[in-house]
Amino acid sequence: MRALLLIALTASAATTPFFVDEALRAGLKDIFVCGDAHQKNYIVETLGTGVAFLDFDNDGLLDIFAVTASKLNGFAPGTEPVNRLYRNKGDGTFEDVSKKAGVARAGWGQGVCTGDIDNDGLVDLYVTYWGADVMYRNRGDGTFEDVTPPGMGSHWGTGCAFLDYDRDGKLDLMVANYVDFDLKNTPRPDGPKPCHWKNEKVMCGPQGLKPGLNRLWHNESTPGKIRFVDVSKKAGIEAPGPRFGLSVTTLDYDRDGWPDIYVAVDSQASLLYHNKHDGTFEETALESGVSLSEDGREQAGMGTAVADYDGDGWPDLVKTNFVDDLPNLYRNNRDRSFSESTVQAGLGNYSQFMGWGVGFVDYDNDGWPDIFMVNGHVYPDVKSGEYRQRRILYRNGGSTGKFIDVSLAAGAAVMEKSSARGLAVGDYDNDGRPDLLISNMNERLSLLRNTLAAGNSITLKLVGQKTNRSGIGSVARLMVGKRRLTGEVRSGSTFMSQSDFRLQFGLGTAAGADTVEVQWLGGALEKLGALRGGQILTITEGRGVTSTTPYAR
Amino acid sequence: MSALLLALALAQAPNQAAVSDCSKAFADGFKEYQRKDLSQALIAFRAAVQCDPKLVDAHLAIADIYAERGNDGAALAALLQALRIEPKNVLALRAASNLYLKNALHNKALPLLETLVLAAPTSTDAHADLAAVYAASGNRKGAEKEFRRALELQADYFPALAGLGNLLARAGEDGVAMPLLHKAIRLQPKSYEGHFLLGSALNRLGQFEEARTELEEAAKIGGENEPQVFYQLARAWGGLGKAAERRAALSRFSELTRKEKEDTELQRKAAAWIDEARVLLQAGDLEQAASRLELAREAKPGDATLLFRLAGLNFDLQRYDVAREYVQAAISISPATWLYHYLLGLVERGANHLADSRTSLEMAIKLQPTEAPAFNALGEVLLEQGEHQAAIAAFEKAVKLAPGDATFQRNLASAKQ
């Protein structure tokens with residue numbers, strides 16, 4: 001009888017969904033557009049748009065910024081879709097403050113990343129466009145001002161990330177540019193020279209089009225004046241030549257204390273810029289084993305995420321790719337190289353998904369970063385591929401080294417099909433469980449609230465003082481029993497999106513971390529001793545824990 | 001495709017040829033083929049399909065000769081023509097799918113192979129090829145089924161053993177995969193592919209020393225120009241902690257892929273130059289158009305169409321020597337294309353080489369007896385040679401084929417006077 005009861009309980013637990021789409025209840029009803037919903041004549045209609053979790057008003061609650069593109073045949077005046085800023089009201093709902101905040105801009109928006117560019121304690125925004133990118137400075141009164149430096153971002157910007165590559169305490173900016181796109185001279189599927197995919201006429205690109213050039217901007221702002229200087233050439237960013245760059249993520253992959261940059265590239269070799277500590281970078285993706293597939297083939301890289309998934313203290317990488325291919329899980333070898341462990345780790349079962357946004361998210365708070373991927377095809381009108389695809393949640397099996405697809409158990413919100421693109425990870429209800437924000441092509445957002453009652457966690461907000469205020473590039477290391485947990489604050493990553501800066505660590509059954517230390521980027525190593533879980537702690541550089549807030553449960 | 005196809009096609013030929021009025025042309029082609037004069041054989045086979053467009057064996061023979069000359073496009077066109085007549089022709093299905101696979105056009109090969117396995121269900125290689133295409137397009141289940149079917153038909157079929165072993169190794173089913181790969185190598189120890197696939201699988205398993213041995217063997221016995229062999233070798237060296245060796249393997253990989261990329265890029269550029277030439281031509285700038293085509297030709301020296309276009313442009317610019325060189329090069333690649341002989345006839349006439357012009361125009365007419373401009377041009381040459389009756393006959397033929405053409409009528413009337 002006891003055995004039967006156990007089986008019944010296990011079955012019940014396994015079938016209780018633990019991600020619930022709260023978008024409509026939360027008031028996130030707006031449609032985010034990228035080209036025609038039913039037919040894509042040009043590649044610019046296919047990338048979709050990014051999303052961000054950010055706390056723009058410093059009330060301790062994650063707000064949402066969502067980017068929209070447009071349609072090639074335009075909209076009637078006054079009906080154009082605009083980027084949206086939604087303020088978290090703290091009761092599970094959001095209010096649209098876009099107009100009041102001055103960010104309700106129309107145009108062909110693509111991606112977003114955040115960082116405190118002027119170290120005033122307020123998070124600022126960078127929005128990429130097919131057209132001119134926009135840098136917004138947060139005034140601190142609920143509004144933003146356009147401070148885009150002249151000449152910044154006038155191509156087809158996609159992914160971006162703030163980082164302090166020269167460790168001068170000010171956030172610099174890396175922007176990927178996809179295609180040097182010329183609408184007039186690009187063939188259409190219904191034109192005289194269409195492109196084909198699996199014998200069907202489709203939009204053309206990126207192959208055959210002119211790739212873009214990645215840009216690195218050095219922050220030379222002075223009080224009251226925002227100034228960024230293009231150092232791409234001098235810093236060696238241009239050296240690999242033009243590429244179809246999509247997502248940008250930063251990581252200190254060799255743990256030398258200097259941020260490196262990884263760019264997922266579509267249809268060409270991806271790029272890893274190793275920081276040489278002198279203001280320049282060397283592209284080392286091939287030598288490091290993160291450039292190509294396991295077979296040495298170029299892939300259509302889309303989104304990327306970084307975490308120490310195997311608990312060895314070194315950052316590993318995951319990258320999503322086109323259909324008929326697998327994602328890449330690159331395990332850090334701790335010698336400036338990575339080994340691909342996709343198949344061995346259990347990520348080799350699906351090649352029918354076209355992956356975009358990806359994040360390491362410890363949804364069950366067991367201290368092992370799990371993986372969440374959003375998918376969707378680029379061709380809505382072909383017979384050979386499914387345009388709307390489900391998401392995938394992989395549970396990290398910990399010491400087994402294997403990931404297991406738990407999407408079905410996670411619930412309908414994960415199994416729901418859409419042509420998804422952007423993904424942000426963050427705990428918007430401050431309950432100690434990471435939630436997920438997804439942008440869906442020509443649809444409303446999905447806001448997947450994590451309801452799983454499993455495991456304790458601790459959330460750390462790092463605030464730099466001598467180093468950049470956002471804490472970007474700073475690393476927290478925790479010991480929990482024998483387990484070592486590592487997290488780095490980063491801007492950008494996933495796919496043209498921005499996750500929460502706060503570092504959330506699953507503690508499993510532990511009440512807290514036995515030791516916590518923070519290695520500030522370019523600054524001191526700060527040892528904090530034991531810290532209790534179940535709360536959000538602000539750690540201010542040089543001052544230790546400066547505030548604590550218990551989880552809202 | 002190989003001469004095997006032609007041999008098989010010709011083995012069937014007498015029956016069809018015997019009941020056809022076009023048997024002589026086909027038989028002539030066969031004779032020329034046996035004499036290894038492929039150009040003459042091609043011309044005769046073309047004449048045979050002119051005579052009877054449904055002569056499948058002649059289309060197959062044409063395809064075979066084109067394939068042997070490296071003109072895959074023309075070979076495929078002939079094979080597809082054969083398949084339009086006989087959609088389940090096993091030889092045509094096999095040859096066309098092989099050509100598509102050779103050119104990495106898996107999606108085009110797929111429907112042909114699916115038809116082929118139905119038309120020839122006991123063909124081991126058809127099942128194995130279909131499996132490989134399924135594997136390449138991500139259809140793992142289909143690939144595994146077809147590889148297994150191939151192995152049911154022939155348990156020691158190397159491509160199926162290696163293919164299935166590779167497929168399963170990639171899926172992490174090492175327990176089943178490794179014996180298959182080892183068996184494949186035992187069967188064909190001198191095939192680099194087997195060693196390469198085993199080495200790659202061993203890399204995945206972290207057995208780097210064994211992987212290195214296999215991959216070095218692969219590089220020695222035929223894989224020396226295969227970039228992937230060196231990429232895997234670099235992985236093995238990396239796993240063994242040998243940084244210098246790893247760098248050397250990656251360097252070789254980069255060198256080989258760079259060349260591949262440069263070739264691809266050059267082809268892309270060539271296509272762009274051809275497009276530019278078209279625009280310039282439409283604008284009447286023949287000189288610039290010719291210079292763009294010349295650039296494209298350097299990238300695609302074996303492209304008969306491009307050579308023909310260049311010849312045409314130089315003919316229009318009255319550079320007859322240059323035009324002759326180009327059109328003769330086109331003819332050497334595609335000797336049964338009437339248009340090339342026709343242009344050569346016009347070039348020779350422009351250069352006042354009337355005898356040569358006449359020979360070329362007569363060849364064009366032989367290959368395509370329905371083209372009025374060729375008869376008209378021949379008439380003009382004959383007239384210049386003083387052969388009035390023959391010229392009148394040629395003009396009459398031109399007028400008959402294109403009764404509405406005023407120039408042909410005027411030429412005929414003038415010749416009669």
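**Figure 1. Residue classes around the largest cavity.** The lining of the largest cavity holds nine nonpolar residues, four polar residues and one charged residue. The model shown here, as in every view below, is predicted.

Figure 2. How many cavities of 30 Å³ or more does a search of the whole structure find? The search finds one. The volume of the largest cavity is about 100 Å³. Its lining is made up of 14 residues. Closest to the centre are P327(A), Y350(A), F353(A), M373(A) and N375(A). Two elements of chain A, β25 (370-375) and β26 (392-396), each give two or more residues to this lining. Rolling a probe the size of a water molecule over the atoms shows where such empty space is left.

**Figure 3. Strand β31 of chain A and its cover.** This strand spans residues 456-463. Is β31(A) mostly covered or mostly open? β31(A) is mostly covered. Of its eight residues, six are buried.

**Figure 4. The antiparallel pairing of β31(A) with β34(A).** Strand β34 of chain A covers residues 503-508. Five bridges link β34(A) to β31(A), and the sense is antiparallel. Which residue of β34(A) stands opposite T459(A)? That residue is Q504(A).

**Figure 5. The parallel pairing of β31(A) with β37(A).** Strand β37 of chain A takes in residues 535-540. β31(A) and β37(A) run parallel, joined by five bridges. Within this pairing, L462(A) has I539(A) of β37(A) as its bridge partner.

Technical notes:
Residues are numbered from 1 along each chain as its sequence is written. Chains are lettered from A and ligands numbered from 1 in the order in which they are written. This is a predicted model: local features need pLDDT of at least 70, side-chain atom pairs count only at pLDDT 80 or more; totals for chains, interfaces and linings use all residues. Side-chain values use heavy atoms; hydrogens and water are left out. Buried means under 20% relative accessible area, exposed over 50%, partly exposed in between (1.4 Å probe, protein chains only). Helices (H or I, at least four residues) and strands (E, at least two) are DSSP runs, numbered from the N terminus. Two strands pair if DSSP finds at least two bridges between them. On a 1 Å grid over the protein atoms alone, a cavity is a set of points where a 1.4 Å probe fits but cannot get out, and a pocket is an open set with protein on both sides within 12 Å along at least five of seven lines; lining residues have an atom within 4 Å of a point. Grid points are joined across faces, edges and corners, and a volume is the space filled by probe spheres set on the points. Ala, Val, Leu, Ile, Met, Phe, Trp, Tyr, Cys and Pro count as nonpolar, Asp, Glu, Lys and Arg as charged, and the others, Gly among them, as polar.
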